[in-house]
There are 2 protein chains.
Amino acid sequence: MNDSTIQNFKEILRKEGLRYTKQRQAVWDEIQNSQEHRDAEDIYMSIRNNGVNVSRATVYRTIDVLVKNRMVRKMDVGDGRNRYEPRLGDAHHDHMICVETGKIIEFYNEELEDLQEKIAEENGYMLVRHIHQLFVKPLKK
Amino acid sequence: MNDSTIQNFKEILRKEGLRYTKQRQAVWDEIQNSQEHRDAEDIYMSIRNNGVNVSRATVYRTIDVLVKNRMVRKMDVGDGRNRYEPRLGDAHHDHMICVETGKIIEFYNEELEDLQEKIAEENGYMLVRHIHQLFVKPLKK
DNA sequence: CCCTTTTTGAGACTGAGTCTCATTCGGATA
DNA sequence: TATCCGAATGAGACTCAGTCTCAAAAAGGG
């Protein structure tokens, strides 16, 4: 929402040879302004409720650009709907999903990250990215 | 395909209050007889090619029973189609997917497993299951 | 302001998976 | 082994996230 973020977004569009439109800005604003893990429909509805006319097609198309440029992270929670969250330069993290409440908890563990790279290398590969979700339930008190 | 496996399968059906049918047996046979990571359509087509009449609905319904009873593992490779593999009592493993060739490599790392339980516990949760996929590309020679 | 090119949006389409319900089958019982 | 009834099956309708189409609208360089 601040100037530097908008400039950054414009730069990415330029780099991709894409035009700056209010719809694209609205999608980025919407994702950026909420730290939650939201699905596309949710993002689409919010933008419309904010009075910006946009189509689902445009929402999906813009999300793809944002994901490709690492401004947004796409995550598969396993219920058939992808969730999105802004990256905003903050450190990488994985997710823990409570199977009882659906609550999503973020976590980051250095050791875990290193181990994954090591495993890939041991097999003759380089780690590009990973999907890692822990499905958990509350510990009995 | 051998007697004890069939008995085991029948036992699970009984436990679930389900009847033993040739379609259900065919689905289990099909998954069991291939160590590959196959999708539902693939399994469905193979069974039909083997001369057993079965519907997609039955394939999906049977897979659900097998997954619930831990005879089959369901995995999300991220392309919108779930893959299935037999468990056959063999040890747990995760997958590495080559983004260049699509090859799926299985791996198991004790340290990684322990670490995940530890992380869940540190957050007041118990690990129920996890999704863990490493997307990799070949190391440059 | 013009003009070319890109973007948009409404809604058609896709494809994996689920649901429906009339028909068929399993298997317990006698 | 024949009967019977609830469970299982299958064809295809349906769902739903996401993609595609293409005419109309907007961007933005000149």
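Let me start with a lysine: the charged end of B:Lys10 sits over the ring of B:Tyr20, 4.6 Å from its centre. Before going on, note that this is a predicted model. Chain A has its counterpart, with the charged end of A:Lys10 over the ring of A:Tyr20, at 4.6 Å from the ring centre.

Now the aromatic rings. Searching the whole structure gives four aromatic pairs over all chains. Take B:Phe9 and B:Tyr20: their ring centres are 6.4 Å apart and their planes stand at 70°, so this pair is edge-to-face. The cut-off behind that word is an angle over 60 degrees. Where do the two residues lie? B:Phe9 belongs to helix α1, residues 3–15 of chain B, while B:Tyr20 is in the loop between α1 and α2 (22–32), so the pair ties together parts 11 residues apart in sequence.

Are these two buried or exposed? B:Phe9 has 0% relative accessibility and therefore counts as buried. B:Tyr20, at 39%, counts as partly exposed.

In chain A, A:Phe9, A:Tyr20 and A:Trp28 make up one aromatic cluster.

Last, the two chains together. How is chain B laid on chain A? A turn of 180° with a shift of 0.0 Å along the axis does it, at an RMSD of 0.1 Å. That is the relation of a two-fold axis. Within chain B, the C-alpha nearest the axis belongs to B:His132, 2.2 Å away from it.

As for the interface, 100% of the interface residues of chain B are interface residues in chain A as well, so the copies meet through the same surface.

Definitions and conventions. Residues numbered from 1 in each chain as written. Chains lettered and ligands numbered in written order. Predicted model: local features only at pLDDT ≥ 70, side-chain atom pairs only at ≥ 80, totals over all residues. Heavy atoms only, no water. Phe/Tyr/Trp six-rings, centres within 6.5 Å; stacked < 30°, edge-to-face > 60°. Helix = DSSP H or I, 4+ residues; strand = E, 2+ residues; numbered from the N terminus. Buried < 20%, exposed > 50% of the residue type's maximum accessible area, 1.4 Å probe, protein only. Lys NZ or Arg CZ within 6 Å of the ring centre and 35° of its normal. Least-squares fit on C-alpha atoms with pLDDT ≥ 70 in both. Contact = heavy atoms within 4.5 Å.
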